[in-house]
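This briefing covers charged side-chain pairs and their surroundings. Please read it alongside the sequence and the coordinates.

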Amino acid sequence: MESYVTNKTVLVVDDEIDFCHMIRSVLSKQGFKVILAHTLEFAITQLATHNPTIILLDHNMPDGLGTRFLENNKSALKNRHVIFITGDDSPAIKDEAIKLGVFDFLPKPFHYSALNKVMYLAATFN
């Protein structure tokens, strides 16, 4: 386990279950503790229960949009690094997510090297 991931919990918020399990497998091997939420509503519970340092947040969820989640949960997301992940990487969505304070933006599909790079930055950035 690399030292930059020590005690780092990641919340993956995505409704694609296979994708979540794949991300959990990759990140767990790096030493991250990975928590999953397949709805935005459950993500709120997971935030309070597990206190993740990093959040991978999909935009199009069955119970709403990731951008609305960011807007509605500003205080709960404060001091956490949110990495916005989505298959819809239109400039408008990207700009809105950045204005709402996301740490980084990762368009789907992405290569694991891109995931590793952004996770390293999020885990080591103070």
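A salt bridge here is a side-chain nitrogen of Lys or Arg within 4 Å of a carboxyl oxygen of Asp or Glu. The model is predicted, so local features need pLDDT of at least 70 and side-chain atom pairs count only at pLDDT 80 or more, while totals for chains, interfaces and linings use all residues. Residues are numbered from 1 along each chain as its sequence is written, and side-chain values use heavy atoms, with hydrogens and water left out. The structure holds five salt bridges.

**Salt bridge within a helix**

- Glutamate 71 and arginine 68 form a salt bridge through their side chains, at 2.8 Å from N to O.
- Both residues lie in helix α3 (residues 66-72), three residues apart, about one turn of the helix; helices (H or I, at least four residues) and strands (E, at least two) are DSSP runs, numbered from the N terminus.
- Glutamate 71 is partly exposed, with a relative accessible area of 36%, and arginine 68 is also partly exposed, at 31%. Buried means under 20% relative accessible area, exposed over 50%, and partly exposed in between (1.4 Å probe, protein chains only).

**Salt bridges of lysine 108**

- Lysine 108 and glutamate 16 meet in a salt bridge, with a distance of 3.3 Å from N to O.
- Lysine 108 lies in the loop between β7 (104-107) and α6 (112-124), and glutamate 16 in the loop between β1 (9-13) and α1 (17-29), so this pair ties together parts that are 92 residues apart in sequence.
- Lysine 108 also forms a salt bridge with aspartate 58, at 3.6 Å from N to O.
- Aspartate 58 belongs to strand β3 (residues 54-58) and lysine 108 to the loop between β7 and α6, so the pair ties together parts that are 50 residues apart in sequence.
- A network of salt bridges links Asp14, Glu16, Asp58 and Lys108.

**Accessibility in the network**

- Lysine 108 is buried, with a relative accessible area of 15%.
- Aspartate 58 is buried, at 3% relative accessibility.
- Glutamate 16 is partly exposed, with a relative accessible area of 41%.

**Threonine 9**

- Threonine 9 is located in strand β1 and counts as buried, at 10% relative accessibility.
- Not counting residues up to four places away in sequence, threonine 9 touches Lys33, Ile35, His50, Pro52, Thr53 and Ile54, where contact means heavy atoms within 4.5 Å.
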